[in-house]
There are 2 protein chains.
Amino acid sequence: MKNLIVIKIGGNVIDDKPLLDKFLRDLCAIDGPKILVHGGGKLATELSSRLGIETKMVEGRRITDDETIRIVTMTYAGFINKTIVAKMNACGGNAIGLSGVDARLIPAAKRPVKDIDYGWVGDIQTGKINTSLLTSLLSAGLTPVIAPISCTADGYLLNINADTIAQSLAVAMSGLYQTSLLYCFERKGILSDISDPESVIPRIRISQAEELKANGTIGSGMIPKIDNACLAISDGVSQVIIGRSDDIVPIANNKHGYGTRICQ
Amino acid sequence: MKNLIVIKIGGNVIDDKPLLDKFLRDLCAIDGPKILVHGGGKLATELSSRLGIETKMVEGRRITDDETIRIVTMTYAGFINKTIVAKMNACGGNAIGLSGVDARLIPAAKRPVKDIDYGWVGDIQTGKINTSLLTSLLSAGLTPVIAPISCTADGYLLNINADTIAQSLAVAMSGLYQTSLLYCFERKGILSDISDPESVIPRIRISQAEELKANGTIGSGMIPKIDNACLAISDGVSQVIIGRSDDIVPIANNKHGYGTRICQ
């Protein structure tokens with residue numbers, strides 16, 4: 001099987017223009033099939049605020065009401081997606097911007113209301129991901145760049161967590177490619193001491209993850225990422241590395257000493 | 001050669017939800033390869049106004065400054081494009097939303113400043129349109145839905161006239177498909193009397209167009225559309241019909257008595 005890398009970049013990279021530009025240049029220099037998934041950064045919150053719309057977050061997740069789904073679709077699938085694709089293509093990449101809506105790439109359902117009504121937030125129907133579209137784009141030498149927006153079967157737009165999209169795509173593609181999932185953000189990896197940026201944990205086994213979460217080594221902000229990483233490994237992804245966007249080249253080339261590797 | 005229809009829908013259709021919904025349902029029921037190009041409607045102007053940004057128009061064209069290119073990218077390539085694609089896929093279509101940026105679909109250059117500085121407005125590099133991407137998407141049964149945004153070779157986003165995109169795509173594809181170009185808007189066709197919605201001119205020859213423009217029969221608002229239509233016919237497009245979005249099915253099926261046909 002051919003190799004494939006699925007890379008997620010976080011909002012702090014998207015919000016930092018020089019960091020984003022360097023990351024995209026580096027990414028375009030990496031050979032072979034790759035898929036980029038991006039989050040949204042602060043742009044949606046800033047636009048909401050300029051429009052006088054209050055941003056409501058519960059447990060780090062955005063409550064997506066009627067106005068907010070319009071705003072996140074505009075910013076994520078519109079400005080951020082096209083800005084990234086335009087920059088990649090200017091750097092010699094061959095990128096195509098998509099969302100989960102397009103060609104039914106990532107079918108989703110509206111999250112049922114239990115304790116919290118998240119509004120227009122979706123859960124991915126993982127068995128229905130359009131892997132044949134991705135395979136044909138990758139075979140044509142294109143890099144899909146995916147915004148975290150999808151829709152219901154009856155056409156209502158939904159906001160989807162970008163970490164979860166990256167994990168679901170990596171799992172879905174792992175039957176067709178030997179797939180690596182790379183979570184890129186502004187830190188060097190999962191830190192054993194949040195105040196020491198050099199205290200990277202080089203390797204976390206799935207069996208250790210629960211303990212590290214329970215004893216507070218993995219802070220609350222990192223828990224969804226670790227959970228997604230463990231799920232990816234359990235479901236057939238070859239490797240997951242969490243590391244710094246600046247180190248994308250050594251991480252993608254599997255150099256030791258970069259990022260935190262999640263393994264069986 | 002197979003048939004292909006390239007359809008452009010205007011802003012007045014996009015702004016009218018019931019009209020847009022009916023048009024998209026009808027479009028999905030039409031068999032065979034098709035490409036949809038959409039404009040922007042009032043959403044960009046409304047968003048600009050809510051953000052306190054003045055909309056500047058010169059001769060019906062939007063002056064696109066730094067803030068405006070962000071707004072049109074958000075609204076056209078983000079909200080409008082994904083709303084249309086989600087609706088089409090909910091109606092049994094198989095749509096994929098793209099802009100000129102994606103996979104270098106529609107390379108463009110910033111319009112040189114002469115008398116007027118249009119800002120981030122682009123002119124299409126017609127010889128460089130990525131027809132192989134469109135052909136492979138159409139062969140896979142997908143309907144490309146294209147937002148009128150592109151970028152320069154060095155990655156600066158540009159606002160492009162949607163009528164011109166439709167014409168350029170139809171011309172570029174006419175070497176590969178027998179291509180019809182359909183301009184769909186809220187009227188039944190080009191009217192000989194603007195106050196009489198039934199006064200449709202059934203057929204305009206290229207040789208007549210200049211006269212009809214000069215004697216005022218073709219009003220100033222319709223001139224860019226007619227110019228694009230004549231250019232398309234001169235450059236190899238099989239037929240151009242200007243008609244009502246509500247009549248898309250009979251127009252696409254070449255029924256007589258619908259729309260204004262531009263011919264040699």
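**Where the chains touch.** I looked up the contact first: 33 residues from chain A and 33 residues from chain B take part, where contact means C-beta atoms, placed from the backbone, within 7 Å. On the side of chain A that touches chain B, the elements giving two or more residues are α4 (66-90), β5 (95-99) and β9 (149-151). Helices here are DSSP runs of H or I with at least four residues, strands are E runs of at least two, and both are numbered from the N terminus. I noted that α4(A) gives the largest share of that side, 14 residues.

**Ground rules.** This is a predicted model, where local features need pLDDT of at least 70 and side-chain atom pairs count only at pLDDT 80 or more, while totals for chains, interfaces and linings use all residues. Residues are numbered from 1 along each chain as its sequence is written, and chains are lettered from A and ligands numbered from 1 in the order in which they are written.

**Helix α2(A).** Next I checked which residues of α2(A) are buried. They are Leu20(A), Phe23(A), Leu24(A) and Leu27(A); buried means 20 or more other C-beta atoms within 10 Å of the residue's own, with C-beta atoms placed from the backbone. I see that they pack against several elements of chain A, including β1 (3-9), β2 (34-38) and α4.

**Chain A overall.** I jotted down 9 helices and 14 strands for chain A. Its C-alpha atoms fill a box of roughly 45 × 45 × 35 Å along the principal axes. Buried residues make up 52% of the 264 residues in chain A.

Methods: Two residues are in contact if their C-beta atoms, placed from the backbone, lie within 7 Å. A residue is buried if 20 or more other C-beta atoms lie within 10 Å of its own, exposed if 12 or fewer, and partly exposed in between; C-beta atoms are placed from the backbone.
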